[in-house]
Amino acid sequence: MSNSPYPILLTPGPLTTSARTKEAMLRDWGSWDADFNQITARLREQIVRIVHGEATHVCVPLQGSGTFSVEAAIGTIVPRDGHVLVPSNGAYCQRIARICKYLGRRHTVIDYTEDRQVLAADVDLALTADPSITHVALVHCETGAGVLNPLDEIAQVVARHGKGLIVDAMSSFGAIEIDARKTPFDAVIAASGKCLEGVPGMGFVILRRSTLEKCEGNCHSLALDLYDQWVYMEKTTQWRYTPPTHVVAALDEALRQYWEEGGLPSRGARYARNCKALISGLARIGLRAYLDPAIQAPIIVTFHAPADPGYDFKTFYNEVKKHGYLLYPGKLTTAETFRVGCIGHFGDAGIPGAVRAIEETLAAMGIRTQALPA
Ligand SMILES: Cc1ncc(COP(=O)(O)O)c(C=O)c1O
């Protein structure tokens, strides 16, 4: 049983936040007020610093969930006659293809199964075969199954072809290194309520300044036009339209704790410890991870559901919840699975506690499993 008064969220955002982050939302802020605008400026500066992009990139925050920022990035950066290559190994890659379709941006998909990594060699071949492609849109950690895609290798290929690169780093940003000094990209997209451990409600895009300067007039949407948001923010220090003030204040406090913890190396190491403890703990009770460990991101792990006919996810979920932990359904079309997140503010006891809760739940459901070989 967890000691927390609320269930611990073992989900890839929204996730469990600290008391300090929640408390930061207890006051109201005026959106025109200089004190609030200083917070916005501070956030933007710190987010660029996380990818070492101070010399080359700018951060443009945007209201809404992460998908709003993905759509904004594609709409703002890809000209209307552009052509986007979407290597796809899961649900969030498919969403990018769907966004391109909605926005009327020509796109080509390279299809992989959900248990495979995107390969830089395939991107190379596709760019060689079709010179009309102008941009590649890559998901860094494909949260659908939990695969980590080889961002740097792909970025080098894209740069060699002189094309643009848009990276959905929603579930990896702040925990898995992205270094703008070494890895060329035009846009990296993430959001407040993921590995920075803020609350959901705003996204942000880190854009190469020289690319963004040329994006005026590309976007099909006023509200999602990152060029317009950037120009307005630079001029006034304010958000163009009503900012999610409490979310911004919470992210500011979450970032303070991020640096106190030791920044990206420490955040990434904590999640990696969680991931390792989770996979070995559930293996001990007979639950097998879906992915090859070599391509598993330390963010969210997909497990095969027990083969027992008495298993159903809803009952399993509700019983584990009674022990104080929220799990996540599987998102695969090809196998019966469930997912467990490794990210969020819960102590080192969080994962062992969740493993115990799962073990007790399966026993109570009469589901027999056998420990997997170590
Ligand atoms: C890789 C990735 N892209 C995009 C999104 C979409 O974010 P949202 O649900 O906040 O719109 C998520 C959400 O978890 C994600 O993991």
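**Close-up views of the predicted model**

**View 1. Residue classes around the ligand.** The shell around the ligand is made up of six nonpolar residues, six polar residues and one charged residue. In this predicted model, 13 residues surround the ligand. The closest of them are Ser65, Gly66, Thr67, Thr143 and Met170. Helix α3, covering residues 66-77, gives the most to this shell, with three residues.

**View 2. The two domains.** Domain 1 consists of residues 8-15 together with 263-364, and domain 2 spans residues 20-259. Between the C-alpha centres of domain 1 and domain 2 the distance is 27 Å.

**View 3. The side of domain 1 that touches domain 2.** Contacts between the domains involve 24 residues of domain 1 and 26 residues of domain 2. On the domain 1 side, at least two residues each come from α10 (263-284) and from β11 (300-304). The element that gives the most here is α10, with five residues. Sorted by class, the side of domain 1 that touches domain 2 holds 14 nonpolar, eight polar and two charged residues.

**View 4. Strand β11 and its partner β14.** Strand β11 supplies at least two residues to the side of domain 1 that touches domain 2. Four of the five residues of β11 are buried, so that the strand is mostly covered. Strand β14 (residues 337-341) runs antiparallel to β11, and five bridges join the two strands. Within this pairing, Ile300 stands opposite Gly341 of β14.

Terms used:
Residues numbered from 1 in each chain as written. Predicted model: local features only at pLDDT ≥ 70, side-chain atom pairs only at ≥ 80, totals over all residues. Domains from an automatic or database assignment. Contact = placed C-beta atoms within 7 Å. Nonpolar A, V, L, I, M, F, W, Y, C, P; charged D, E, K, R; others polar. Near = placed C-beta within 6 Å. Buried ≥ 20, exposed ≤ 12 C-beta atoms within 10 Å, placed from the backbone. Pairing = 2+ DSSP bridges.
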